[in-house]
Amino acid sequence: MSEHRTAAYVRTDMLPEKAPPVSEMGAIRWLRENLFSGPLNTFLTLAGAFVLYFLLSEAFPWFRNSVWVAASVGECRDIITARWGEGATGACWAIIRDRWNMFMFGFYPRELYWRPTLALGLLLFAAAPVLFSESRRIRMIVLGVMTLFLVLAFPALGVGGLATGLMLLALVAMLVVAWSRPWGLLWLTGIYPGLAVWLLWGGSVWVPVLAMAGFVLAWAAFTATRGRGAIISVGSAVAAALAWWFFAMGPVSQVLDTYLPYAIDAVRSDKFGGFVLALTIGVAGIVLSLPIGVVLALARRSDMLLVKALAVGFIEFIRGVPLISLLFVASLLLNYFLPPGTNFDIILRVIIMVTLFAAAYIAEVVRGGLAALPRGQYEAADSLGLDYWKAQRLVVLPQALKISIPGIVSTFIGMFKDTTLVVFVGLLDPLKGITDSVRASFEWKGAYWEPYIFVGCIFFIFNFAMSRYSMYLERRLKRDHH
Amino acid sequence: MKKSVFFGTLATAGLVAGFAAASTLDDVKARGELNCGVNTGLVGFAAPDANGNWSGFDVAICKAVAAAVLGDPSKVKYVPTSGQTRFTALASGEVDVLARNSTWTFLRDNDLKLDFVGVNYYDGQGFMVPKALGVSSAKELDGATICIQTGTTTELNLADFFKANNMTYQPIAIDSNAEGEQQYLAGACDAYTTDASGLAATRAAFANPADHIILPEIISKEPLGPAVRHGDNQWGDIVRWTLNALIGRPWPDDGPRQPLGKTRHSGGWQLRRNLCRNDR
Amino acid sequence: MAIASDAPKQSFRLSQLLYDTRYRSTTIQVVVLMLFMAVAAWLVDNTITNLAARGKDFNFGFLGIRAGYDIGQRLIAYDSDSTHARAMLVGLLNTLLVAFLGCIVATVVGVFVGVLRLSKNWLVSRLMTVYVEIFRNVPVLLWILIIYAVFTEAAPLPNAFREGGAASMILFDTVAVTNRYTAVPDPLFYRSLGNIDIGIFLISSDLLAIIAAVVAGWYANRLVLRRATAVQNATGLRPVTWWKTLALLILPGVLTLWALGFHLGYPSLRGFNFTGGINVSNSFMALWLALSLYTGAFIAEIVRAGVLAVSHGQTEAAYALGLRPGRTMNLVILPQALRVIIPPLISQFLNLTKNSSLAIATGYLDLRGTLGGITLNQTGRELETVLLMMLIYLVLSLLISGAMNIYNASVKLKER
């Protein structure tokens, strides 16, 4: 012990830790590593900072000087001049405030705004079994937010308290179902198309109900002839459904309308506009194109030369021409191709062409999904003795469609963006149709940027959310496979 | 999934599909509604307001025909048509009558198989320039940049006018009147050309109308009028005499009072009165 | 012992068509063919009936008559006395021009942004992410309208370029961005070779001469490189070739330009407008920029995914072999990344070409604007014009994807 004490330079206690050099810690280190790690990086940072500064300094005053309440562009300018001095420019958001309803609903009757709103809300509930089956948390968040939105929106749209309460009850019941089982709302998915059409267009309840009955009939015919081979049963199901729709449905619905008239106010297609129109076309297009796309994808991978050739021809044709030319076909040529005297509504014609357009893209997405399935899955199905349809239905398609969901969501985003092109066939899309129409009025002449920025923001929010979700799904599905 | 999807189309098809009968009149009566093709939005001729109520000069014809045939001027479905889709919409039966400031030309009457029932507005193509440009005649526009709406007769007239006067110009094609106004006001073109009525309506809505002048030259004759399909004379007569009745009594005290009373203050009539000084 | 009897004599029963796998696929195909033909016949029959009912016929004779309208921007000679067919050709060339230039700029932007997004620089990678997300999630039509509006609203009038005016030309007084057009210098030749008339339009012989010289130089360079490789294989030493490569790639073009007396005609303000240069209309500039930036955002994602797809081990392995970073990029990373990048890149090029039909929003007269726009409207032949327009777009798409597929095949993994 004592010897140790005599040694002059032995330290018995630890020195306190010294702080690292200033350049190696905290914000400075972060800056050095992330922004100024070399000459090139420094240059890039400075360039980036300059661009950012330039954009912000140009745009900031304009946003800062925003006017929210005014009756016309002229009034906006007066307010800005009064508040910020001569020569100041600013955004005139009063145009959005004034014409909000037009941007959202087009010319949809004001007292019926709750119908498209409800249709949009239920869309997410109906999509839950398909899109949100992966994670309960996301499902509950999305549906919960939607429920809240509807409950808040309904009184604002002039719906009575009792109706709102009833709807809240129904939504909460569906939330509970969705909580317990991902597939619990599949029945809603089944009836949603009819429900949405009925809510949007209104009219007699029997038309959608009977149209849907056609599918029930097809299913009945399919089951009845099940023992006789796939071709016979599929054929008879199709024949039964077509016969029902074309011959029986009209008289039956007339009879029902006479004795059990139940209808809500009908809304004509020419009242549709704004985001209601964009969403109607987008959602209808994607929903209708899914089955066609799946069939096309299967046909393209078929061993039968002729079937394959037809599918390839169709897909490549549709993908080879611009959507705008297909819209011209809808507005100018479809009447030539259909029997003389047939004449239906331009929105429906546009939906038909958009559906065909999307079907070709969906077919390619699904084909990718089919190709990504390991060969062993096909072989396993074959070795179990499943025939083609059974193998597709029970083994191949469930897996292939699941891995195609991100691609399908991307297709939907693309299609939702493309709905803006319908302005060129005279429909009032939110981007140009409604904007031009608003700007044609005397009050809002000259408001150029505000409507574009507003509509762009809405599109961005929708699409960004969807693309993030599809990326999340992609990551999750990738993990599932390993 | 697959099952639920066809449903939408069929239901919608069931709602909106209709089959045209041989006679337009029977058709309209059976439908209880007149399908009227109008401009997508040209103040004074046909433009919707914030609630989707249409008003204007052409709209008045739709209302009058509906009043004559169905006894109710409100039973009109307005089908907005673009310059490109208008004649197809009429030919295919999508609309029963086309009241969309369309020029009555030889080609359209013959090749497109339309019948123009008369002239409701005698228009002509003119030019509008900013006063600051110091131009007082269209003959001084050599080398100018000119904004022009595509899909109309105006581009043909413009080409002929400049060729005939041995001048050159730079056309800037624009898609809609709103676009044209914006380009013109921003100075992207020296002059804006379209029908004189359209120019007057556009100018009237400017912040400073006095800064712009409409040049005296009217380079074409544009008789505008409603059109119907060729071959259905009964329907043609109905529209023709409705039009004649309107022309004979511009400010009616009887007849279809409601529609005309409404449109009286809409700008279209006033426009007409103002322009009579200009182009005659 | 029972002798195995012959297999029962095949008697063909109708039900075999459905249940016997040997015949079933034929049956299905025959049924499909019949359905297809029936539908096609039905459509054609309807069309004929409808045409007859409207007193129209189906012929393309209208292409030969006088068009009567002017086109602001044209690559070949055209005036209002030309035929509709020539107007269509002008439109087609305009479509090709914007599609070609758009693809080039979109690729440059895409590669640049895609690489910068992967950069370690926090600020720059965030900025690039914002750019990509904003452009991808908003309709391209909006970008076209906004950029067009920026040009018309924010750029100065030609008048402002006068002495003492508020605006000034950029890039050493050679380019003037006005709110009507962008005036750029015009390439001129003192000793021009003239033009070759190929019947439909003129082709500048000068351009052909320059292209020929550059291609010849490029080919000679390949020969030099091949030779160097042969020497390297034989001796193990690679001769220094960079200066030969440089000379062969640059000199032929420069020499040809010099021989032809190349100089630039600078735009200058005379009267209303700029003259002396080429005035590129803003409708074209806006469309070109918007399509490039929009498609560039998609290509950036593709490039990023392609680079990320090459595992880091590849780079490390290349370094371990002693390859320099440049060669690592050229020989190891790029060939593998390209394999991932090319197929989606093809579809982006196709999308850009098809989106160029949105020229309708700026009034740039492309194929849709001439054939599917003014011609359709003046002649009233919607069936012929729209079908012809679709056919041309289809052929264009097939040509692009065909060319790109050939390129793809050359970089694809050669499996043995």
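In this predicted model, 47 residues of chain A are in contact with 47 residues of chain C (contact: C-beta atoms, placed from the backbone, within 7 Å). Helices α3 (39-64), α11 (230-259), α13 (305-320), α14 (323-337) and α19 (449-481) of chain A each give at least two residues to the side that touches chain C. Helices here are DSSP runs of H or I, at least four residues long, numbered from the N terminus. That side of chain A holds 32 nonpolar, 12 polar and three charged residues. Ala, Val, Leu, Ile, Met, Phe, Trp, Tyr, Cys and Pro count as nonpolar, Asp, Glu, Lys and Arg as charged, and the others, Gly among them, as polar.

Next comes a pair of helices within chain A. The axes of α9 (residues 186-201) and α10 (residues 206-224) of chain A come within 9 Å and cross at roughly 160°. Therefore α9(A) is roughly antiparallel to α10(A) (an angle over 145 degrees between N-to-C directions). From α9(A), the contact uses A:Ile191, A:Gly194, A:Val197 and A:Trp198, and from α10(A), A:Pro208, A:Val209, A:Ala211 and A:Met212. Seven of these residues are nonpolar, one is polar and none is charged.

Helix α5 (residues 94-105) of chain A has 12 residues, which should span 16 Å at 1.5 Å a residue; its end C-alpha atoms are 18 Å apart, which agrees. The expected span is 1.5 Å times one less than the number of residues. Buried residues of α5(A) are A:Ala94, A:Ile95, A:Arg99, A:Met102, A:Phe103 and A:Phe105 (buried: 20 or more other C-beta atoms within 10 Å of the residue's own). Just after α5(A), A:Gly106 takes a positive phi of about 65°.

Residues are numbered from 1 along each chain as its sequence is written, and chains are lettered from A and ligands numbered from 1 in the order in which they are written. Local features need pLDDT of at least 70 and side-chain atom pairs count only at pLDDT 80 or more, while totals for chains, interfaces and linings use all residues.

How values were computed. Two residues are in contact if their C-beta atoms, placed from the backbone, lie within 7 Å. Axes are lines fitted to C-alpha atoms, for helices over the stretch in contact, and angles run from 0 to 180 degrees between N-to-C directions. Angles under 35 degrees count as roughly parallel, over 145 as roughly antiparallel, 65 to 115 as roughly perpendicular and the rest as oblique. A residue is buried if 20 or more other C-beta atoms lie within 10 Å of its own, exposed if 12 or fewer, and partly exposed in between; C-beta atoms are placed from the backbone.
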